[in-house]
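Here's a quick tour of one structure, taken from the inside out. Grab your viewer and follow along.

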Amino acid sequence: MAQSDLWAADWNGGKRQLTRTPDRNEWMPQPLPGGRIAFLSDGAADGSTQLWAMPARGGRARQLTRIPGGVGDYSLSPNGTEAVVTIATGGAEVPADGPQPPIVIDRFQSRQDGRGWLDSQRVQLARVSLKDGRVRPLTSGEFDHWLPSWSPDGRWIAFVSKRCADADRHYCSDVYVMPASGGEAWRLSRHEGADADPEFEAGRPQWSPDSARLAWVRAGDEALTWYSPFRLVVADVASGSLHEPGPADKWVYAPRWTAEGKILALVEVDRATRLAEIGPDDASLRWLTGDAETVLDFATGGTRVAALLGNSKAPPA
């Protein structure tokens, strides 16, 4: 079975292993103040996935959350003292011993990868303190909430939810925004198909550095989901205006803003996926990698970009 550890790579090409845990996994690292990193790990005593932290140069890890059922996803507050997390709530209670209760399904979609059988359990957002682990729910109701993203100014949280009629039968995910302190969320996307659908693994909604705009990827018409390209969407949060910069005839994934207000994204071309810089207000596009290389993922830091590259002759590195 595959097992994952955390590694750190230097800009000069050096690398070092941060964790060595053959009996558990670590993933999704994000920087914290004070030279630390937060990450997800399934190394809790009960086997659940929780938030952990450790020095960025390696060392002893400390468990930050102890949420029943574990954490599915997270986004850090700008000051690194809190996180918005996804947690599963509701559903049938499973006894510690004795016979298991029957699985009761009353919805069209009965199972989901990573979650198993789907009963009345829902994915909700909660705000958790990284200092004392205190948890405060942010959402409720008969909807799932995915891909949280905390705005750089700390005021807002963007997320994705499916709230159309008979949602199990449709690709109808939408991007919503709510106050970080909790309160009513409003729908920002207006496309009838899928916006930032987590099943498409095209990336979460991404805030601009000034917290004024959001960028994400939407699918085409539901009837042509796998045949029409994913389009980049940029929204003005205050006015709700939307537009679609970048190429209209190519698939776009994983948009992320640069400090200068540009957008970096993965763009599919003939037999490769290239990294491109896209102007958020026009159709300008500048290629950052060659047409014979495929970029699997990338990260930005200041004015520099790190990319995981592969081609027909070499594995990704």
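A cavity here is a set of points, on a 1 Å grid over the protein atoms alone, where a 1.4 Å probe fits but cannot get out, and its lining residues have an atom within 4 Å of a point. Before we look inside: this is a predicted model, where local features need pLDDT of at least 70 and side-chain atom pairs count only at pLDDT 80 or more, while totals for chains, interfaces and linings use all residues. Numbering runs from 1 along each chain as its sequence is written, and side-chain values use heavy atoms, with hydrogens and water left out.

So what does the cavity search turn up? Around it sit Ala196, Asp197, Phe200, Ala202, Val217, Arg218, Ala219 and Phe230. That lining splits into 6 nonpolar, no polar and 2 charged residues (Ala, Val, Leu, Ile, Met, Phe, Trp, Tyr, Cys and Pro count as nonpolar, Asp, Glu, Lys and Arg as charged, the others, Gly among them, as polar).

Two of those lining residues, Phe200 and Phe230, also belong to an aromatic cluster with Tyr171, Trp251 and Tyr253. The whole structure has 6 aromatic pairs, meaning rings of Phe, Tyr and Trp (its six-membered ring) with centres within 6.5 Å; planes under 30 degrees apart are stacked, over 60 edge-to-face and the rest tilted. One of them, Tyr171 with Phe200, is tilted, with 5.2 Å between centres and 45 degrees between planes. Tyr171 is in the loop between strand 14 (156-162) and strand 15 (173-179), and Phe200 in the loop between strand 16 (186-187) and strand 17 (206-207), so this pair ties together parts 29 residues apart in sequence. (Strands are DSSP runs of E, at least two residues, numbered from the N terminus.)

There's also a disulfide, 1 in the structure (a pair of cysteine sulfur atoms within 2.5 Å). Cys164 and Cys172 are joined at 2.0 Å, S to S, and the link is left-handed, at -65 degrees about the S-S bond.

How exposed are these residues? Buried means under 20% relative accessible area, exposed over 50%, partly exposed in between (1.4 Å probe, protein chains only).

| Residue | Relative accessibility | Class |
|---|---|---|
| Tyr171 | 26% | partly exposed |
| Phe200 | 12% | buried |
| Cys164 | 29% | partly exposed |
| Cys172 | 5% | buried |

Finally, the charges over rings (NZ of Lys or CZ of Arg within 6 Å of the ring centre and within 35 degrees of the ring normal): Arg256 has its charged end over Phe298, 4.2 Å from the ring centre, and Lys15 lies over the face of Trp7 at 5.9 Å.

Note on methods. Helix = DSSP H or I, 4+ residues; strand = E, 2+ residues; numbered from the N terminus. 1 Å grid on protein atoms, 1.4 Å probe; cavity = no way out; pocket = protein on both sides within 12 Å on 5 of 7 lines; lining within 4 Å.
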